[in-house]
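Biologist: I would like to learn how to read a helical model, feature by feature. Can you take me through one?

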Amino acid sequence: MRKTQISAIEQVLFQNQEFFDVKGVNLGVTGGTLGLSLFYYYYYLYTNEEKYVDKIMFHLNKAFEGINSDYQGYFIALDMIEIVQFLYFIKDKGLIDDDINEYCQGFDEWIYKFLDIKVKEKELDPYGGIIKVGTYFLERSKDIEVNHIIDKILTLLEDWVTTDGLKKEEISFDFNFLD
């Protein structure tokens, strides 16, 4: 029963492929090409059928093509971040054993420039701001030295705290999602 339902979902995705084929749009995990890769990753875990690994890689390559072609998305840096994070995800899960650093290096400069923009805007947002960029560079720390970037982010946060008259001890992030 469950496999039939998942197969039905896959069929709907296949029938609506043109939505995901728009070059440079919808590349991320949420509602985009990488979302298809993530679906196929979990479908692969469920079925253990190698054809789904091929589909994971197919859609990951489409995301790379989208970045490299006539990009039309909202913000190229956010899609780059998600591509790199997905690469590390599938590497950590053992689907690839390539040295992914060479794939990621071309994105680092873009993401660093994006960080500068978000710093000027003082945008901390975990989806599209400084925190998102911080998670990118924490992931990249597996392959490159990023302490200077993480230090920059932490220094900025500390400066904002003292500029606003708050003590570091008074600042906390509370993530009680179950309350």
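Modeller: We will go from the overall fold to single residues. One caution: this is a predicted model.

Biologist: Start with the fold. How many helices and strands are there in the protein?

Modeller: Count the elements, then read their order. The protein has eight helices and zero strands. From the N terminus on, the order is α-α-α-α-α-α-α-α.

Biologist: What share of the 179 residues is buried?

Modeller: Buried residues make up 40% of them. Look at contact range as well. Take contacts between residues at least 6 apart in sequence: 61% of these join residues at least 24 apart.

Biologist: Now the core. Which residues have the most contacts inside the largest nonpolar core?

Modeller: That core has 48 residues, and those with the most contacts inside it are Leu60, Ile67, Ile83, Phe107, Ile111 and Phe137. At least two residues each come from α1 (2-15), α3, α4, α5 (76-92), α6 (101-121), α7 (130-140) and α8 (147-163). The most come from α5, with eleven residues.

Biologist: Take Leu60 from that list. What is Leu60 in contact with, leaving aside its neighbours within four places in sequence?

Modeller: Leu34, Ser37, Ile83, Phe86, Leu87 and Ile90 are the contacts of Leu60 on that basis.

Biologist: On to helix packing. At what angle do α3 and α4 pack?

Modeller: Read the angle and the axis distance together. For α3 and α4 (residues 51-68), the angle is about 170° and the axes are 8 Å apart. An angle over 145 degrees counts as roughly antiparallel, so α3 is roughly antiparallel to α4. The α3 side of the contact includes Leu34, Ser37, Tyr40 and Thr47, and the α4 side includes Tyr52, Ile56, Leu60 and Ala63. By type, the contact residues divide into eleven nonpolar, four polar and two charged.

Biologist: Lys132 has a charged side chain. Is Lys132 buried or exposed?

Modeller: Lys132, in helix α7, has 10% relative accessibility, so Lys132 counts as buried. Then look at who surrounds it. Leaving aside neighbours within four places in sequence, Lys132 is in contact with Leu78, Ile81, Glu82, Gln85, Asp125, Pro126 and Tyr127.

Biologist: One last case. How does Gln105 count by accessibility?

Modeller: Gln105 is found in helix α6. At 45% relative accessibility, Gln105 counts as partly exposed. For spacing, compare chain separation with C-alpha distance. Gln105 and Ile144 are 39 residues apart along the chain, and their C-alpha atoms are separated by 9.1 Å.

Terms used:
Residues are numbered from 1 along each chain as its sequence is written. This is a predicted model: local features need pLDDT of at least 70, side-chain atom pairs count only at pLDDT 80 or more; totals for chains, interfaces and linings use all residues. Side-chain values use heavy atoms; hydrogens and water are left out. Axes are lines fitted to C-alpha atoms, for helices over the stretch in contact, and angles run from 0 to 180 degrees between N-to-C directions. Helices (H or I, at least four residues) and strands (E, at least two) are DSSP runs, numbered from the N terminus. Angles under 35 degrees count as roughly parallel, over 145 as roughly antiparallel, 65 to 115 as roughly perpendicular and the rest as oblique. Contact means heavy atoms within 4.5 Å. A nonpolar core is a set of buried Ala, Val, Leu, Ile, Met, Phe, Trp, Tyr and Cys residues joined through side-chain atoms within 4.5 Å. Buried means under 20% relative accessible area, exposed over 50%, partly exposed in between (1.4 Å probe, protein chains only).
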